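Let's work through a few packing exercises, one step at a time.

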Amino acid sequence: MVARPRILLADADAFYVAVARMVDPEGAGRAKLLIVGGTRESRGVVCSASYETRKFGVRSAMPISRALRLCPDAVCVPVPRGACSRTHREIRAVLDRFAPVVESASIDEWYMDLGGTEALYHNEPLAETARRMREAVLQETGLSVSIGGGTTKLVAKLAVERAKPKPGSGATGVHIVETGKEAEFLATFSLAELPLVGPKFQERLAKLGMKTVRDVLPYDAATLSRWLGEREGEWLFERVRGIDRSEVESRGEAKSISRDETFAEDIATDDELHHELLALVTRAASDLRADGLTARTITVRIRDFDFRTRSASRTLPRGVIADRVIHGVAKGLLAKLRASRRVPARLLGVALSSLAADPDADQLALFETTQSTEEETARDRALARAVDKLRDKFGREGIALGRTRNED
Ligand SMILES: [Mg+2]
């Protein structure tokens, strides 16, 4: 059986406004009428505005001066960039605990694929998992997220719009489209509501008499291709049925594992540097093994007292995991760097790259579902690595349940 995708999209509700209220410049925390994007004097544009200002006609991307003419009493604050990225990371950290694959799609959106975790969650309905996620994010970060879900990213993206608890909508913050109900769900949308159907494309479609998803459904892919061109025609044919082949990609996933240390005081002697190097190798190699990976390339980086940064690498014929081997190579690299310029150093770093899944780590067997082929996909590997993280939270028993219960 092929693991069925179980995709969720978490979207932070009025993200910039919520973060600005948390940071609270200029009394933003209490301001009902709040515009985020710049000060009253700035010539900035509205990045986001509270629901209450929308009644006055304030919209994103509008010049702040115009927004203030519409809504003169609004409090205007600049985008709290630092706090926004901090909060983004905090929310992601919570989601990482629940989902093996998390993709940060934007500052306030995270796609997750929970395919293969059915046993881990004891077959809990996806909506229930989503509700627990939402609660955890709120408890731990103070921010409210809405979560949409289904079998494709497109369905999840549309579902999250239905999940958002806008005033008067009656929505609860979670909207999951059940497997098999994708087409029915899609049929409730206009074409303009589909992602990537922009104004120009809408115009072309309108000329053909198509304004809603329902309008497109009677036509087969060949007909749509004849009218719109092959790529657009086929794309639209699939989209209106909720089909979307893009996968949740664990973007930002480590291409290398690195550890570095900036010294409180510059280090001048080789002995001391070698001591530091050993500590760095020990930490990096243990991260590598914890992720179930091997590394072929070892890099040592040094920043001299005058901020000049130099590095040296070596790529081995086979992937390695052992401290002894990694340390041996790193020592040689450091010696080479020191030989060419022996001056006090302010930073030392070790990076492990050309990473590959360690075949001996054998974590895939922990999942109940197996792929129909023997090919290991990127998703398999991400899932496998994530088991360790999830195990921390749920304990070994919960994860192994699908496979090894009888062996206990
Ligand atoms: Mg949002």
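What follows is a set of exercises on a predicted model, each with a worked solution.

**Exercise 1. Work out which strands stand at the edges of the open sheet of 5 strands.**

Solution. Start with the strand order, which reads β5-β6-β1-β7-β8, with mixed pairing. Now look at the two ends of that order: β5 (101–106) and β8 (174–176) each have a single partner strand, so one side of each is left without a neighbour in the sheet. Going from one strand to the next, the twist averages 15°.

**Exercise 2. Find out in which sense β1 and β7 pair, and which residue of β7 is the bridge partner of A10.**

Solution. Take β1 (residues 7–12) and β7 (residues 145–150): their pairing is antiparallel and runs over 6 bridges. Then pick out A10, whose bridge partner in β7 is I147. One more thing to look for is what lies on the sheet. Helix α4 (residues 81–98) packs there, touching β1, β5, β6 (109–113) and β7. The direction of α4 makes about 155° with that of β5.

**Exercise 3. Describe how β5 and β6 are joined and paired.**

Solution. Next the pairing, which is antiparallel over 5 bridges. Finally, a residue pair to click on: S106 stands opposite E109 in β6.

**Exercise 4. Decide how α1 and α4 are oriented to each other, and sort the residues of their contact.**

Solution. Begin with the axes of α1 (residues 15–23) and α4, which come within 10 Å and cross at roughly 110°. Angles of 65 to 115 degrees count as roughly perpendicular, and α1 and α4 are therefore roughly perpendicular to each other. Now for the side that touches: α1 contributes Y16, V19, M22 and V23, while α4 contributes A83, C84 and T87. Sorting these residues gives 6 nonpolar, 1 polar and no charged.

**Exercise 5. Characterise the crossing of α12 with α13 and say what kinds of residues make the contact.**

Solution. Check the axes: those of α12 (residues 270–290) and α13 (residues 323–340) come within 10 Å, crossing at roughly 145°. As for handedness, α12 passes α13 in a right-handed crossing. On the α12 side, the residues in contact are D270, L273, H274, L277, L278, V281, T282 and A285. They meet D323, I326, H327, A330, K331, L334 and R338 in α13. Sort the residues of this contact and you get 8 nonpolar, 3 polar and 4 charged.

Definitions and conventions: Residues are numbered from 1 along each chain as its sequence is written. This is a predicted model: local features need pLDDT of at least 70, side-chain atom pairs count only at pLDDT 80 or more; totals for chains, interfaces and linings use all residues. Two strands pair if DSSP finds at least two bridges between them. Helices (H or I, at least four residues) and strands (E, at least two) are DSSP runs, numbered from the N terminus. Axes are lines fitted to C-alpha atoms, for helices over the stretch in contact, and angles run from 0 to 180 degrees between N-to-C directions. Two residues are in contact if their C-beta atoms, placed from the backbone, lie within 7 Å. Angles under 35 degrees count as roughly parallel, over 145 as roughly antiparallel, 65 to 115 as roughly perpendicular and the rest as oblique. Ala, Val, Leu, Ile, Met, Phe, Trp, Tyr, Cys and Pro count as nonpolar, Asp, Glu, Lys and Arg as charged, and the others, Gly among them, as polar. A crossing is left-handed if the near helix is turned anticlockwise from the far one by less than a right angle, and right-handed if clockwise.
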